[in-house]
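Please view the model first.

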Amino acid sequence: NKKTTKQTPKTQPKKVQIDGEVTPMNEDEQKLFDSYTKELKINSEVANTLARDKNLSSFYEETLSINNSPTNLANIIANEVARELKQSDNIKFTSKQIAKLIEMVDNETISNKIAKQVFEEMSNSGENPTQIVETKGLIQISDPDVLLPLIDEVIIQNSDNVEKFRAGNSKLLGFFVGQVLKATKGKGNPKVVNLLVRDRLK
């Protein structure tokens, strides 16, 4: 027992040291962080990334003034855009293009997954997101007439899992949705696919 009591204080300072390595935010960064988390309701990890980097926060503010979609914009800027900015100062896309890309996600023209593909293309070519989506035929499929035949095909091919699902294994819903999205090459609207699959499996 004595040993354990000795060990606990030892681990305490370590934790403090690790925390100490993170530089505290300055006043402006803290203000931004508070405004992002409280007013815009952004995840604190994402808000932290944006608030601590002047380039990212000003890029974010620019896109936000064009498209008021705080969460989706924050996510792509704190992840994909941040990665590109780290690699090069000479980025090929603009805040206006990122705002447009997220607008297409918001109005369900494209899925989040496809948005990442379009972003890669924008980073390489500087091309307009709308143009990329149209040229490559990446528009999200929400039409039941297009989706139902694919769903039926997946159900026929996986009859054993259909039985398991109907016997109470509801986790398999994700499997069916995944298979249908795979068949649409990621272009199926996940919400619509989910509803249609549920309906078909009843």
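Phe-93 is buried, at a relative accessible area of 4%. Buried means under 20% relative accessible area, exposed over 50%, and partly exposed in between (1.4 Å probe, protein chains only). Phe-119 is buried too. Phe-59 also counts as buried, at 9% relative accessibility.

This is a predicted model: local features need pLDDT of at least 70, side-chain atom pairs count only at pLDDT 80 or more, and totals for chains, interfaces and linings use all residues. Residues are numbered from 1 along each chain as its sequence is written, and side-chain values use heavy atoms, without hydrogens and water.

Rings of Phe, Tyr and Trp (its six-membered ring) pair if their centres lie within 6.5 Å; planes under 30 degrees apart count as stacked, over 60 as edge-to-face and the rest as tilted. The count by this rule is four aromatic pairs. Two of them share Phe-93:

| Pair | Centre distance | Plane angle | Class |
|---|---|---|---|
| Phe-59 and Phe-93 | 6.2 Å | 90 degrees | edge-to-face |
| Phe-93 and Phe-119 | 5.0 Å | 55 degrees | tilted |

Phe-59 sits in helix 4 (residues 54–66), and Phe-93 in the loop between helix 5 (70–87) and helix 6 (95–106), so their pair ties together parts 34 residues apart in sequence. Helices (H or I, at least four residues) are DSSP runs, numbered from the N terminus. Phe-119 belongs to helix 7 (residues 112–125), 26 residues from Phe-93. Phe-59, Phe-93 and Phe-119 form one aromatic cluster.

Now confidence. The protein chain averages a pLDDT (the predictor's confidence in each residue, from 0 to 100) of 89, and 90% of the residues score at least 70.

Key: Helix = DSSP H or I, 4+ residues; strand = E, 2+ residues; numbered from the N terminus.
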